[in-house]
Amino acid sequence: MAVAFENIREGINVLRQFLVPKVFTARLVEFAEEEGILPIIREIGSFTMEEFCNTVAERLGYETGSAVRKRMLIILLDFLEECGYVSRKTSNIYTCRKEVKPATTLSVDEMKTMERLFSDQAAFFSKCMDYAGKFLRGGDYLYRFDRDTEEAWDRFLGNYEFNVARDILIDAMHIGKTGGCGIMDLCYGTGHGLKVISRDFPDADITAIDFTDTMRPFAMSRIGSSAAKIRWVDSSGWKGFGDKLPFTDMTFDRIFFSCGDPYIPEHERKAVYRDIFRILKPDGILGVVAWGYPDRARMHIQNEWIRKNIYIHDFAESVCKGWHGFRDIDSTITMAGDIGFVKANSLFNNFYMLDSAIWIFKRP
């Protein structure tokens with residue numbers, strides 16, 4: 001299991017070393033080379049995105065009729081552009097670049113930190129990337145949310161990066177609320193978020209809901225005696241995204257939503273957030289952990305390693321059942337505003353590594 005950090009600032013400083021993206025940038029480039037994707041790019045030289053997808057699909061047997069598989073190729077192309085293997089001359093024309101800077105390598109001390117703190121995340125990404133070629137050719141999903149994969153999910157959801165993000169989010173959700181409150185953990189998974197909520201909101205009335213009960217034993221074991229104080233909503237009461245949350249209007253002061261947004265189908269997303277808005281009380285706060293997809297203009301995400309980290313994560317987890325990917329940041333902000341949310345505070349200038357992964361919205 002991931003090693004705990006002493007405080008939020010320490011955690012951010014560790015993440016700012018960008019060890020995971022530095023290791024997996026080389027790994028994803030290696031995938032593109034070994035699969036034959038980079039050789040195809042070098043051969044065709046200049047191409048549109050559609051030509052790229054169609055050519056590699058035809059030559060490598062990829063099933064791009066599947067939206068998730070075609071999206072994986074688009075993520076990979078964006079990643080290769082970020083790495084300098086291709087450039088975009090116009091809005092739609094890519095060209096192969098011959099000169100690419102050498103891959104970054106970690107020092108001995110950095111490798112020790114990587115092994116000590118990021119082994120769970122690395123193991124998950126490695127297994128996903130090892131399987132990506134087979135999945136692109138039509139193989140079944142590698143991971144589902146079932147008993148066969150619950151231990152793998154537990155290790156991944158407890159990784160160092162997520163732990164830092166959860167602590168930042170829970171700390172921010174204390175805004176304007178010092179006493180007890182009603183708080184819900186939406187898609188609680190194996191209970192990593194519930195553990196932090198129980199610790200930091202000891203007087204809260206906590207509700208836990210997920211579309212499956214498979215991982216509840218993990219969650220209950222993780223939080224120990226606090227499990228008895230939590231209201232557990234059975235999966236029979238909520239079937240998942242697209243199904244109305246089984247609560248009356250204005251029920252909760254806080255809603256904690258970690259790592260679930262990329263699993264919302266695009267056509268359901270606004271309705272899901274509108275339903276969350278419905279069950280929040282006035283002045284209630286929604287806290288979300290979810291990366292935003294790197295914006296081409298670099299107004300939101302400038303750092304190359306953050307951008308590469310998001311592409312790597314998005315590509316890797318695409319082999320998991322139900323994954324729809326990280327969403328455009330401006331679209332998320334617009335959607336929240338259309339629903340009626342306002343920004344509760346600004347984290348974006350305070351936490352550099354996580355400035356596109358932590359979202360705080362308030363119901364006025």
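Contact means heavy atoms within 4.5 Å. This is a predicted model, in which local features need pLDDT of at least 70 and side-chain atom pairs count only at pLDDT 80 or more, while totals for chains, interfaces and linings use all residues. Residues are numbered from 1 along each chain as its sequence is written, and side-chain values use heavy atoms, with hydrogens and water left out.

**Exercise 1.** Find which residues Asp-275 touches, leaving out those up to four places away in sequence.

Solution.
- Step 1: Asp-275 sits in helix H12, residues 269-279. Helices (H or I, at least four residues) and strands (E, at least two) are DSSP runs, numbered from the N terminus.
- Step 2: With that exclusion, Asp-275 touches Asp-243, Lys-244 and Leu-245.
- Step 3: A polar atom of the Asp-275 side chain lies 2.7 Å from the backbone nitrogen of Leu-245.

**Exercise 2.** State why Asp-275 counts as buried.

Solution.
- Step 1: Buried means under 20% relative accessible area, exposed over 50%, and partly exposed in between (1.4 Å probe, protein chains only).
- Step 2: Asp-275 is buried because its relative accessible area is 11%.

**Exercise 3.** Give the order of the strands in the open sheet of seven strands, and say which strands stand at its edges.

Solution.
- Step 1: The order is S6-S5-S4-S7-S8-S12-S11, with mixed pairing.
- Step 2: Strands S6 (231-233) and S11 (342-343) are at the edges; each has a single partner strand, so one side of each is left without a neighbour in the sheet.
- Step 3: Two strands pair if DSSP finds at least two bridges between them. S11 and S12 (residues 358-362) run antiparallel and are joined by two bridges. Lys-343 has Phe-361 in S12 as its bridge partner.
- Step 4: Helix H12 packs on the sheet, touching S4 (182-186), S7 (252-258) and S8 (280-289).

**Exercise 4.** Determine how many residues of helix H8 (residues 150-157) are buried, and which helices they pack against.

Solution.
- Step 1: H8 is mostly covered, with six of its eight residues buried.
- Step 2: The buried residues are Glu-150, Ala-152, Trp-153, Asp-154, Phe-156 and Leu-157.
- Step 3: These buried residues of H8 pack against H7 (119-136), H9 (160-172), H10 (192-200), H11 (216-223) and H13 (304-317).

Notes. Polar contact = N/O pair within 3.5 Å; in protein donor to acceptor, adjacent residues only side chain to side chain. Axes fitted to C-alpha atoms, helices over the stretch in contact; angles between N-to-C directions.
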